[in-house]
Number of protein chains: 4
Amino acid sequence: MTQKTWGGRFQGGTDDRVVTFTESISFDRRLYRHDIQASQAHARMLAEVGLLNASEAEQIVTTLDAIASEIERGTFPFSVELEDIHTHIERALIERLGDLGRRLHTGRSRNDQVATDVKLWMRDAIDDLDGRLRKLQLALLAAAMREREVVLPGYTHLQRAQPVLAAHYFLAYLEKYQRDRDRFADCRKRVNVLPLGAAALAGTSLPIDRESVRRQLGFDIVAANSLDVSSDRDFLIEFVFDLSLVALHLSGWAEEWILWSTTEFGFLDLPDAFCTGSSIMPQKKNPDVLELIRGKTARVVGDLQQLLVLVKGLPLAYNRDLQEDKTALFDAFDTVAAELELAAAVIREVRLRRESIAARLEEGFLDATTLMEFLVAQGMPMRAAHEAVGRLVRLCEERHVRLADLPPEVFESVRPGLSSGVYQVLGVQNALRAFRSAGSTAPPEVERQVEAWQARLGSSERGL
Amino acid sequence: MTQKTWGGRFQGGTDDRVVTFTESISFDRRLYRHDIQASQAHARMLAEVGLLNASEAEQIVTTLDAIASEIERGTFPFSVELEDIHTHIERALIERLGDLGRRLHTGRSRNDQVATDVKLWMRDAIDDLDGRLRKLQLALLAAAMREREVVLPGYTHLQRAQPVLAAHYFLAYLEKYQRDRDRFADCRKRVNVLPLGAAALAGTSLPIDRESVRRQLGFDIVAANSLDVSSDRDFLIEFVFDLSLVALHLSGWAEEWILWSTTEFGFLDLPDAFCTGSSIMPQKKNPDVLELIRGKTARVVGDLQQLLVLVKGLPLAYNRDLQEDKTALFDAFDTVAAELELAAAVIREVRLRRESIAARLEEGFLDATTLMEFLVAQGMPMRAAHEAVGRLVRLCEERHVRLADLPPEVFESVRPGLSSGVYQVLGVQNALRAFRSAGSTAPPEVERQVEAWQARLGSSERGL
Amino acid sequence: MTQKTWGGRFQGGTDDRVVTFTESISFDRRLYRHDIQASQAHARMLAEVGLLNASEAEQIVTTLDAIASEIERGTFPFSVELEDIHTHIERALIERLGDLGRRLHTGRSRNDQVATDVKLWMRDAIDDLDGRLRKLQLALLAAAMREREVVLPGYTHLQRAQPVLAAHYFLAYLEKYQRDRDRFADCRKRVNVLPLGAAALAGTSLPIDRESVRRQLGFDIVAANSLDVSSDRDFLIEFVFDLSLVALHLSGWAEEWILWSTTEFGFLDLPDAFCTGSSIMPQKKNPDVLELIRGKTARVVGDLQQLLVLVKGLPLAYNRDLQEDKTALFDAFDTVAAELELAAAVIREVRLRRESIAARLEEGFLDATTLMEFLVAQGMPMRAAHEAVGRLVRLCEERHVRLADLPPEVFESVRPGLSSGVYQVLGVQNALRAFRSAGSTAPPEVERQVEAWQARLGSSERGL
Amino acid sequence: MTQKTWGGRFQGGTDDRVVTFTESISFDRRLYRHDIQASQAHARMLAEVGLLNASEAEQIVTTLDAIASEIERGTFPFSVELEDIHTHIERALIERLGDLGRRLHTGRSRNDQVATDVKLWMRDAIDDLDGRLRKLQLALLAAAMREREVVLPGYTHLQRAQPVLAAHYFLAYLEKYQRDRDRFADCRKRVNVLPLGAAALAGTSLPIDRESVRRQLGFDIVAANSLDVSSDRDFLIEFVFDLSLVALHLSGWAEEWILWSTTEFGFLDLPDAFCTGSSIMPQKKNPDVLELIRGKTARVVGDLQQLLVLVKGLPLAYNRDLQEDKTALFDAFDTVAAELELAAAVIREVRLRRESIAARLEEGFLDATTLMEFLVAQGMPMRAAHEAVGRLVRLCEERHVRLADLPPEVFESVRPGLSSGVYQVLGVQNALRAFRSAGSTAPPEVERQVEAWQARLGSSERGL
């Protein structure tokens, strides 16, 4: 009997280069725990339906536990000859249990076995990510509270637009990561469908009980169509897409904080522990962690593209191409998981440079829109008010002054009587206090949002 | 007053090339209906909170209706000078209503307006796609019933593997498209959150009532953070990703049927109405529709990649880059919508070439796995049975015979007594009947699935 | 005889949805001039080898010219029924010339015809792009000369690093665009290989003379293998890749200038003619053109990905999927061509804000590396010098001073005798003057580069 | 003195997670040989210009050789603390040579050092790939000669089109891989430009001699602009694009041979050594190598997309994001290199199943186009001939016969006198012999191509 699980019909060995080219043990070994978990459930089910007896199943379960321990301890021997983690474990079982080991693969195929292992792994991965995203949200919420009173210039087109509370800024990201969590939760529903029992592609003639396996492994339902199972990687691609969106959220934030760390912006000072220096320029303190978070986005997008290209044009059912799904999956997960941890750590440690921010806050006419809305509230048509304030801004630029510096007669010429109340909405602090709409940066509104997030995340006790 | 909505602060006009480079009217005009719908709700709300009076709001609503009719009839003039659909409609309103028209944009920005329009459009698009996917499922279900008794070779690695019922094959795709529908439903939850009222990025100082607008437009909730709204395109990217998965499902099926249409496979004959010919080769009948469905997958994947690249590294909040989201969105939707319609039509019209399929059905040892499972059921360890059958297959290949053609003594040499029952599981029809696991191609199991889908899709009345 | 070029073997018409789904006339009509050019060469060749007589060929050529004029004038009728530009033109020819028109397609197929048309179009497109890139280089060179004496902070990690001459900065982009030009030139070699005569996939039994066609159309060589021609889109994908790199170069520059246009950097002021405003915020002047140049990069990358996905897994020879190549091709070209024109225009118009740049030039320790090299030149090991200067920078940060502000005794403590010469290399202007390596920002070195580019681009007369 | 190369200005250590997140030693260690080669040239140059003395340079060179040997033998200790291969080697040098080791980094930065190392590595990689591509071409050429007389159905749209010689088929791929070789050669020109001496981004004040380094390392020219060097990854992206096209060529061929290996096509039988079996289905022999070649295309396309996303929107000059270029680079190279080796091996071993091919060769009307051209040669307009043959094909399909089976009177009804010569061009062998155009599958034309390739590749002695 050959080492392979499929030797009977073959003459001569496999070309050595083929062994190397087709192996997956170098990356699928990390599935070992989930492979063993699934095999144990399978063995117990085989006993339930009489394809094994109870003590046989028990021997298999126990021996698999022993194998798991060896892998954990690093004493289990791996070899590229044995192709993948599934063969490694089955071979070890056969070495220890002889013919009994040869019975484990009854009523299943590697196709449904792999899909099951991957889904079990992904279920854990999703739960892990959800925890990391929550920690990131807590870090953002803590920052929102910590920097509560700081007023930042808000930007569109990277041009100064209107004033925003720092808390409002941090809460914007809480929303984004919440959507990411929701997407993962939706993905999890589609992950949590049991493939095992689909066998190669058509099911089996043996009296297996998929419902028992489902129950043992905690899947929600049993996959309904064996051909579908054997060809399906939707769940995996959806997961990597969800990871891509997280990475893209992180990339925008990283970009922003790279800007904020410049001499020119001067909004924050990154702790030394999160920066590195230059091999040649002694003064440099570089935001490498932020740059790599931005840069590693490319990995995740590349991983997604790999998966989309991979499945394009593949007919039913399983094709060996699909083996290539796992490197992309693991790479995308590892990348985003590490990014999330570091992002949370950076956000916890950073402090805004309040003086530096405040020093230039009145630049950029952040109060212009409030002035326009003041005119609107007084009855001027919005477009006319917009036009009028636009002209005032041009005047200020010519005079190198702020709107609040314009004399009353200028405002009177815009609209008689305007000068009486207008100075109460000019200047950044006044402009900020004027906001009132739901979801706006109005201080009470932001306060309300902070409280809502505290309640939602249960932040006071856990994690803050 | 200039034509632009933002002229007051500018001196001199915009460079002509810039006008052409930055315009979006050539593609965003298709949002006109949703833009007007949103503006009408906005106007009504402005009246509710006293920023307009009731008759003013009514005039605006009525005039917008008139504008909508003109656009529908093709009598509305478009000009690249007016940038986008929003400016076109507002400008037309001002031309007709003067200062009253100038009041409509009160308390909103193009940023939240565009996001609202797009979400309204997407909500319709999702509902439309759901209908198309359901029709495709019904076509597949009809095919499953129509071709019920046909037995097909099932493939893995495009090598003949085990027999499957044609109905089982069609049902596999029903599963895939159901997941697509579920994904769109999940996406719709995230789409159905009202952006309007976020204004440019920070909200507004005017007393707008976002809840009223939400209610009028049928959104589930109001978006909570204005900065998030101004920068968010998650919903749009998720939608295009969901479209990509549909396209990829279609691409695999198209590939498969392109194969099935070859002289070599000969599984089906496409109706002339879905084929085209060659300009030089008179005998050609080409499966162009299937090829283009496969090829257009590339468009949708390209559209998704465009969006992922687009938002990479963008800081908060709105950046003009985001205008480029719509060409990808519309292209992906149009492509998939057309594909779905054609796929359903093709599936309804095609008939399997039953004789041609049956003629070669016994090739490829489709019964080998059943034979192995027969040995397992008799107590032989699975791996030993696999090995034994592998050797029998090799023997058959040498002798150019099928497993069922092997004489009893060969089976006896594998396992004494085997020859007595073995011929009842050999041959494709026997092998097929032997299946029994849940989700397998076992005839009663497939029947059960067909009935479940009929119930789920309400197929008997609608669409079949 | 049907309208299609391939009707003889078909019964019944084509489904209307199929007509719409498979048409390409909506986008391939822009190939009309090149299609006619190729057909005229083909007709002349047919006469040379006796498949037409001379007057027949002349009639065809003349009639094609007439058709070209009508298309140019907009009087030629287009219809989706006629599939593509090739059918339109051939059909018009047959309408006018009867049976003689039916002879034009002798010895060719649409497959080689389309490839020929596209290559002729691409050859023009490459030459056009080369001209645009040269103009952009000239604009950069003019800027280099115009802003010659301005000193900018050079960045790595977006942190201030070392001083650079503005001219050096502009020249960096000249290098990048020169590589783009070189890549297009390389691509052009592979484009300029004649496909016509490959016919459908196997050549023809008619005595055509491909060499004559090659000569008439100015191709370098005749493609050697008909199967290769019928399946090849390498040239087109390479071209779109080359466009992607141009777009990415533009994206980095656009990002940079978006930063430079912020209140925070304040390095430049974009002319009003290249900016747009906000519909709500009256003070805004946004760098929309730069943002869209950055954003449209995503289109081009998406187009490239579309092409890569498109050809993945396609067997020989022509497959209809390939029709989808042209939308990506045209979109990528149009996008980059427009970007190049606008980029050159922006660069010509912009002026650096010299005072604003100079005001903060001493921030960021731009002279630290020069100081370190000064120590090295005096014999201190580089690593030790790096360490020493690093400590001095820390000291400066604690004291809120520049390196040049440190008292002599501090330098003496680093290395006895250091204080005597050190002040001659401190300060940004001193640091800049210290450079001397080839390719560096040393003023004479930059001057040398400017002159080399002037000579290379022939700038003094043309374009500046 | 800290372990890092940049510690002086920093307080406190680097966060452990940051160390792990930012390290590159896990993947850049494979550059060690090229790093040492570049450092040795740098050291010799430093001696030439007096920044070291001759014996110091010699010590450095010798010690670097010793370090190289240790790395080769696997005795060199690696640690994630030391970030990258450059730091590892420099640190080891310092440990052994003390202050002399601290002098090596004089006048260079990691930025230009890394670029130089990568370019040296890539130059070798390109040469290696060129050799692999040539071997693949030789395998294809050998197959062309081996299977010379076999006639295959040629396909468009995967429908049988016209007959082609197997040799013609193999030569089509020779063309594609030749273009790949040409593209790599073009890329190599842009790779072979020396970055070293650009230092961090602005050059150096030390009197280095870049021309000496260029000469020592065999670069063609010295890069002209230091800012460009510090930001440039064009060469690397172009290389990975070129790899993508190779992978896509392989993917189409793999798809084709997967089809040819099916029961349905039956064109070839893959050697057992290049196939694997199934864990459940004993009869399966799967073309896994071909499937993985097709599937791994996705990796390479994903790698390219990673790089394109990576550099999008990065301002000058070096940003840490760029560190992420190497994993994509190495992965793409390793994947394609392995694919090329296996593809050549498979092509050498495979034999066409001549009887199986011949058995169905007359199916599909492969002679229809020749018949049409026969009519054209007799003076019938091409379109009329096309139409007429189309009707004959329909007639054959109704009668279930081949064109050659039609009785003379049918041909006479098409054109009087036709039946006299027509049977000499009907049937696949006749049709094949009728071809005559340059680049066609005409046997003498194919022979000419084979000879041309033999001469070009020097095949008789080397490799065949």
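**Salt bridges, stop by stop**

Select D:R181 and D:D130 to begin: their side chains form a salt bridge, with N and O 2.9 Å apart. This is a predicted model. Within chain D, the pair links distant parts, 51 residues apart: D:R181 sits in helix α7 (residues 166-191) and D:D130 in helix α6 (residues 110-146). Now compare the surroundings of the two partners. D:R181 has a relative accessible area of 13%, so the residue counts as buried. D:D130, at 25%, is partly exposed, because buried requires a value under 20%.

Next, select C:K176 and D:D228. Here a salt bridge has its closest N and O atoms 2.9 Å apart. C:K176 belongs to helix α7 (residues 166-191) of chain C and D:D228 to helix α9 (residues 226-231) of chain D, so this pair joins two chains.

Move on to A:R183 and B:D234, whose side chains meet in a salt bridge at 3.6 Å, N to O. This pair crosses between chains too: A:R183 is in helix α7 (residues 166-191) of chain A, and B:D234 is in helix α10 (residues 234-260) of chain B. Both A:R183 and B:D234 are buried.

Finally, zoom out to the whole model. How many salt bridges are there over all chains? The count is 184. Side chains of opposite charge can pair when their charged atoms come close.

Notes. Residues are numbered from 1 along each chain as its sequence is written. Chains are lettered from A and ligands numbered from 1 in the order in which they are written. This is a predicted model: local features need pLDDT of at least 70, side-chain atom pairs count only at pLDDT 80 or more; totals for chains, interfaces and linings use all residues. Side-chain values use heavy atoms; hydrogens and water are left out. A salt bridge is a side-chain nitrogen of Lys or Arg within 4 Å of a carboxyl oxygen of Asp or Glu. Helices (H or I, at least four residues) and strands (E, at least two) are DSSP runs, numbered from the N terminus. Buried means under 20% relative accessible area, exposed over 50%, partly exposed in between (1.4 Å probe, protein chains only).
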